[in-house]
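Me: Please walk me through how to read a few features of this structure, giving the general idea before the particular case.

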Amino acid sequence: SSLAFEEFLKLLGKRIELRSWPNYAGGLDTLQDRTGTHSYYTNWQHFEIMFHVSTLLPHSPTNLQQIERKQHIGNDVVVILFIEGRTPISPLPLTSTYNHVFILVTLIEPTTIDNPARYHISVVQRETVPHFGPQLPNNGVFTHRFELRDFLLTKLVNAERAAYKAPPFEKKIQSSREIFLKELTDAYSTSKPINITKPKIKEREREKG
């Protein structure tokens, strides 16, 4: 990966070693390095976020399908595309059943001694995903690292929440809730009669009378 991409990743979170990682892992292997040795993680506003970074996931030169990468990125609801250069990139060929929101981060100018990097942000989403904030600035350009980081992480969290209201997630979530409620009912309900006793305070009142 390029230095510009590495700089962008550091903006999102910190690089962590996956083996024996004790916190949220986002489905990545923390025992045998089967999904790579490192990734990027952050704990932001009480949300634990593990990023599936394509360049850190296993790559097989003989496997055209790149199953390991598809298994994770293909199942992500929100995908960030980091773009260097002026060649336009469309997320449409990358879509899977689960990919519903794409956040395109285009590097306009890299970091120099005198100036920070400049990024242009745009968002592409499926029609079934309802609107979510925060609103992009008019030109979509960010130069301040902390403002960009806060905007992107907020956008990521809100994008996933909004996507869950769209098919196929809404039906699956409803079905999961019904199964969970049934399991609770089966585990804690009882057919035995419940004996109700009168409070002792009322008995004492009758004795006084």
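Me: By class, which residues make up the lining of the largest cavity?

Reply: Ala, Val, Leu, Ile, Met, Phe, Trp, Tyr, Cys and Pro count as nonpolar, Asp, Glu, Lys and Arg as charged, and the others, Gly among them, as polar. In this predicted model, the lining has six nonpolar, four polar and no charged residues. Local features need pLDDT of at least 70 and side-chain atom pairs 80 or more, whereas totals for chains, interfaces and linings use all residues. Residues are numbered from 1 along each chain as its sequence is written, and side-chain values use heavy atoms, with hydrogens and water left out.

Me: What volume does the largest cavity have, and which residues line it?

Reply: A cavity is a set of points, on a 1 Å grid over the protein atoms alone, where a 1.4 Å probe fits but cannot get out, and lining residues have an atom within 4 Å of a point. Grid points are joined across faces, edges and corners, and the volume is the space filled by probe spheres set on them. The count comes to one cavity of 30 Å³ or more, and the largest cavity has a volume of about 40 Å³. Its lining includes L18, L28, H38, F51 and H52.

Me: In what order do the strands of the open sheet lie?

Reply: Strands (E, at least two residues) and helices (H or I, at least four) are DSSP runs numbered from the N terminus, and two strands pair if DSSP finds at least two bridges between them. Here four strands form an open sheet in the order β4-β5-β6-β7, with mixed pairing. Because β4 (78–83) and β7 (141–142) stand at the edges with a single partner strand each, one side of each is left without a neighbour in the sheet. Strands β4 and β5 run parallel and are joined by six bridges, with L81 opposite L104 in β5. Strands β5 (residues 101–109) and β6 (residues 118–125) are antiparallel over eight bridges; F102 stands opposite V124 in β6, and the bridge partner of V105 in β6 is I121.

Me: How many aromatic pairs does the structure hold?

Reply: Rings of Phe, Tyr and Trp (its six-membered ring) pair if their centres lie within 6.5 Å, and planes under 30 degrees apart count as stacked, over 60 as edge-to-face and the rest as tilted. The structure holds six aromatic pairs. One of them, F5 with F82, is tilted, at 5.4 Å centre to centre and 35° between the planes. Since F5 lies in helix α1 and F82 in strand β4, this pair ties together parts that are 77 residues apart in sequence.

Terms used. On a 1 Å grid over the protein atoms alone, a cavity is a set of points where a 1.4 Å probe fits but cannot get out, and a pocket is an open set with protein on both sides within 12 Å along at least five of seven lines; lining residues have an atom within 4 Å of a point.
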